[in-house]
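I'll jot down each thing as I look it up.

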Amino acid sequence: MTHKCLPHPGMEAHSSGLSRKRRREGSNGEAGDEGRGAKIPRSTSGLTDPAPFADQLEIVKTPYTRVNLEEARRGTPENRPVRVYADGIFDMFHSGHARALMQAKRLFPNTHLIVGVCSDTLTHKLKGFTVMNEDERYDAVSHCRYVDEVVRDAPWTLTPEFLAEHRIDFVAHDDIPYVSAGSDDVYKHIKEAGMFAPTQRTEGISTSDIITRIVRDYDVYVRRNLQRGYTAKELNVSFINEKKYHLQERVDKVKQKVRDVEEKSKEFVQKVEEKSIDLIQKWEEKSREFIGNFLQMFGPDGALKHMLKEGKGRMLQAISPRHSPSSSPAREERSPSPTFRLPFFTKTSPSSSPPPRSLILAYPIHSVLSLLYC
């Protein structure tokens with residue numbers, strides 16, 4: 001009878017007429033899926049005590065007349081809330097249980113929610129062994145914010161006497177037939193009486209799912225508890241298995257260290273690669289700059305060529321003879337023009353004749369041009 005429910009579609013958030021309010025002012029009681037990021041105003045109007053047990057409450061002796069569905073939906077007087085009953089095992093109390101109780105609490109504008117929890121004896125007989133004992137399950141349910149009253153040792157099948165004793169108007173449960181105790185549906189007679197209020201299951205979470213996880217990862221949880229100080233005897237683990245788990249723990253630590261070293265090595269290599277790429281990019285930029293400057297200086301149209309051409313022109317201008325004007329005086333009357341002589345021609349013997357003028361002029365020009373184009 002464990003409940004696994006989602007909020008019923010179309011249900012409205014209703015504020016209880018009871019003095020023990022279950023919701024903060026300003027909150028609509030939604031599950032919070034749509035407004036997960038919304039902020040709820042701080043308030044201290046919530047409950048500070050767990051829900052009482054039914055056998056601890058005073059017995060009401062006044063006659064009780066059950067309300068019908070139309071009256072319940074329309075809204076009952078504040079002093080006459082609709083009494084809704086929901087039952088289950090509630091082993092390892094989780095959010096699926098809480099959502100089921102939230103739906104039951106929100107069925108009507110003015111609801112008093114009674115929750116029945118089956119005992120260990122009845123549960124182990126009809127359903128199976130539980131992780132939590134009955135006292136732990138009673139206590140867990142009593143601390144749920146939607147619960148107004150807890151019935152301990154609840155019956156598996158609801159009898160008319162039980163419904164009358166607890167003055168129940170409606171029974172809330174998911175509408176999937178609950179096959180148990182030789183019955184196709186233990187809520188069949190409740191549905192026929194028009195007292196059934198359907199809810200929906202919460203998919204993906206159940207007590208069986210949680211137990212399956214623990215069984216599947218048994219070794220992990222045993223090692224976890226051994227690390228936390230539990231003894232092998234408390235965990236019902238043999239001496240050999242205890243040593244095996246300790247060895248596995250040491251091996252896992254070594255593996256983790258290896259993984260950490262690998263990660264650090266990858267980070268180091270990545271940083272070196274990034275720096276290498278950066279250096280290569282900078283080198284390429286400097287290389288382009290150097291090549292550009294070199295070509296600008298020594299290229300075909302570079303500054304050096306222009307300098308050489310300019311120097312060559314000036315040299316030729318300096319060593320070339322000046323042209324005589326057409327109206328110059330006679331050859332014999334003209335003063336001799338200066339001649340360019342090489343050092344080894346400066347000292348001439350009286351007997352030797354001077355070298356031809358063409359030889360004197362041609363040699364230095366050839367030498368200068370050779371120097372310029374070497």
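This is a predicted model: local features need pLDDT of at least 70, side-chain atom pairs count only at pLDDT 80 or more; totals for chains, interfaces and linings use all residues.

I began with the cysteines: C118 counts as buried because its relative accessibility is 0% (buried is under 20% relative accessible area, exposed over 50%, partly exposed in between, with a 1.4 Å probe and protein chains only). C144 counts as buried too, at 7%. Then I looked for disulfides, meaning pairs of cysteine sulfur atoms within 2.5 Å, and the search of the whole structure gave zero.

Residues are numbered from 1 along each chain as its sequence is written, and side-chain values use heavy atoms, with hydrogens and water left out.

Next, the sheet. I found an open sheet of five strands in the order β3-β2-β1-β4-β5, with parallel pairing. Its edge strands are β3 (149-152) and β5 (196-199), each pairing on one side only. Neighbouring strands are turned by 30° against each other on average, direction ignored. For my own reference, strands (E, at least two residues) and helices (H or I, at least four) are DSSP runs numbered from the N terminus, and two strands pair if DSSP finds at least two bridges between them.

Going through the pairs, I saw β1 (residues 82-88) and β2 (residues 111-117) joined in the parallel sense over seven bridges, with Y85 partnered by I114 in β2. Two bridges link β1 and β4 in the parallel sense, and V84 stands opposite F170 in β4. Between β4 and β5 there are four bridges, parallel again; here D174 stands opposite T199 in β5.

How many residues of β4 are buried? Five of the five are, so β4 is largely enclosed by the rest of the structure. F170, A172 and D174 point one way, V171 and H173 the other.

Helix α2 (residues 95-105) lies across β1, β2, β4 (170-174) and β5, at about 145° to β2. Angles run from 0 to 180 degrees between N-to-C directions, using axes fitted to C-alpha atoms, for helices over the stretch in contact. Helix α4 (residues 134-142) touches β2 and β3, and its direction makes about 165° with that of β2.

Last entry: in α9, E242, Y245, E249 and S287 are buried, and what covers the buried residues of α9 includes α8 (218-227).

Technical notes. Contact means heavy atoms within 4.5 Å.
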